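The structure is shown first.

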Amino acid sequence: MAPNHEPQNPNPLSFIFFFLLFLLLLSSSSSPSMASSDPLISFLVRLQSEALATLGPKNFDPKLYVDLPLKTDLSAAESAFARLPRSPEGAIRAPVLGMFLDEYFDEAGSDLAYVEPVDFVPEPEGFLPNVENPRVRSWALEVHSLWKDLSRRVADEVRKRPERHTLLPLPSPVIVPGSRFREVYYWDSYWIVRGLLVSKMYDTAKGIVNNLISLIETYGHVLNGARTYYSNRSQPPLLSSMVYDIYMRTQDLEFVKKAFPSLLKEHSFWVSDVHKVTIRDVQGHEHSLCRYQAMWNKPRPESATIDEQSASKLSTASQKENFFRQLASGAESGWDFSSRWMSNSSDLTTLATTSIIPVDLNTFIYKNAELLSDLSSELQHEAVLDYWLISKNNEVYNWQADYHNHNVFASNFIPLWVKAYDSGFRTMCLICEIVSSSLLLTFRMVGHLATSDVEGLHIQAQKKQSLWLRYCYKVDQNKLCCLQITVQCMKSMMSRNVETRSVANTNLSKVSS
């Protein structure tokens with residue numbers, strides 16, 4: 001029987017749990033520090049820069065070069081690279097560069113091998129029982145079959161010679177996003193696990209969680225992705241939700257017991273000094289909240305040439321270092337890059353990710369605490385709008401209401417996922433109308449949302465990007481009603497055939513608090 005996660009009265013064991021969690025947080029709390037550079041990454045970034053100079057910017061993918069596995073020791077490749085003939089301007093001719101790459105590197109992605117998922121069957125028993133339309137069911141099974149195409153395992157060579165690879169060894173088979181993304185990504189894995197559970201592929205889902213746990217045990221947190229160059233940051237903390245979702249489907253308590261110590265470690269990482277911010281409210285009370293903050297102040301290796309070009313308009317080294325940290329911190333958020341993180345939506349160099357208390361991250365932290373403690377009635381989560389950090393006094397920020405960012409972002413609606421609200425049907429329709437009356441749908445394709453209603457760089461960069469708020473239902477032929485809120489609400493709307501009222505001027509903070 002599934003566990004009951006309704007608020008419960010405290011018991012002595014609960015207090016023991018919180019005492020142990022408190023000790024763990026004290027032992028792991030430390031000041032943010034910069035991740036160290038890796039010799040292989042440093043060389044590959046230099047190779048990336050030389051390749052751009054040789055091949056030009058058209059169709060150039062900087063990530064390709066930091067994903068290349070070495071055929072030889074790094075010292076041999078570096079010596080050969082230094083001996084390559086160059087033009088009087090210092091450029092390497094394209095044929096020469098191509099011959100060097102062929103001799104000293106394998107293809108990007110070759111350090112992953114195909115593996116058939118052990119629990120894949122063409123049509124699982126009980127798969128989507130409520131989908132009766134033959135065409136829709138056929139399409140769903142085609143999507144289900146893609147698990148085979150995306151399944152990989154890390155090649156044995158990575159474990160034998162890790163110094164030749166930026167890919168990290170992982171204990172279990174993986175599901176990769178595909179295309180140029182040849183490795184595991186953190187918050188992508190949450191959606192992958194959700195899909196695997198629908199496909200009844202419970203062993204594969206557990207393997208994905210075990211891979212992420214192995215990163216915690218090695219690095220102290222789940223990396224942005226399973227590459228050495230991602231060790232300087234994480235991504236939205238959804239591992240506890242993955243473990244919980246798997247448990248709800250399988251009732252495998254032993255799996256939860258093995259994962260639990262690592263979940264505590266991850267939670268301590270996110271509430272440590274790396275991400276923690278202390279806020280003093282108008283009554284003088286202090287509160288601990290979290291922000292995205294990468295441990296990095298250099299160009300991101302996977303995008304180094306792009307980052308350097310973006311920073312070229314900045315005049316000082318300190319300005320560039322701060323900009324690089326803001327870039328990496330925006331990437332840690334998973335929302336890279338929307339105007340949400342910019343003080344000027346048309347200027348990427350005004351990124352100020354670490355100066356914002358993000359509603360989504362604090363929602364995830366709240367959710368994790370709820371799942372770990374089962375004492376959600378003891379927790380409070382008040383803010384539903386991003387808040388800008390402006391005034392500071394001895395590392396304690398003073399709360400001022402006028403620093404709220406009142407623009408509409410898709411991330412504003414993430415607190416709905418926690419379900420810590422009155423889920424009345426009228427409230428749901430009100431929220432749906434706020435989405436459809438904003439500009440989030442102005443640039444939409446079917447089933448897609450913009451990250452923000454602010455005109456700026458994010459429109460060009462992300463209007464074609466599918467976000468994670470994907471459940472949409474056509475209320476009438478002109479409006480799309482976003483139903484990231486629960487599936488139950490979607491079913492209710494379909495059964496009632498509701499037309500939503502116009503509430504374009506409603507303050508969002510009055511709707512979901």
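## Confidence

In this predicted model, pLDDT (the predictor's confidence in each residue, from 0 to 100) stays under 50 over residues 374-385. The model has 40 contacts beyond four places in sequence for residues 374-385, where contact means heavy atoms within 4.5 Å. Residues 457-513 also have pLDDT below 50, with 117 contacts beyond near neighbours in sequence. Where pLDDT is low, the predicted coordinates should not be read in detail. For the chain, the mean pLDDT is 78, and 70% of residues reach 70 or more.

Residues are numbered from 1 along each chain as its sequence is written, and side-chain values use heavy atoms, with hydrogens and water left out. Local features need pLDDT of at least 70 and side-chain atom pairs count only at pLDDT 80 or more, while totals for chains, interfaces and linings use all residues.

## Helices H10 and H14

Helices (DSSP runs of H or I, at least four residues) and strands (E, at least two) are numbered from the N terminus. The axes of H10 (residues 239-250) and H14 (residues 359-373) cross at roughly 45 degrees and come within 9 Å. Axes are lines fitted to C-alpha atoms, for helices over the stretch in contact, with angles from 0 to 180 degrees between N-to-C directions.

Ser240, Ser241 and Tyr244 of H10 meet Lys367, Asn368, Leu371 and Leu372 of H14.

## Strands S4 and S5

Strands S4 (residues 276-280) and S5 (residues 286-290) run antiparallel and are joined by 5 bridges; strands pair if DSSP finds at least two bridges between them. Threonine 278 has serine 288 in S5 as its bridge partner. The hairpin has 5 residues between the strands, and glycine 284 in this hairpin takes a positive phi near 90 degrees.
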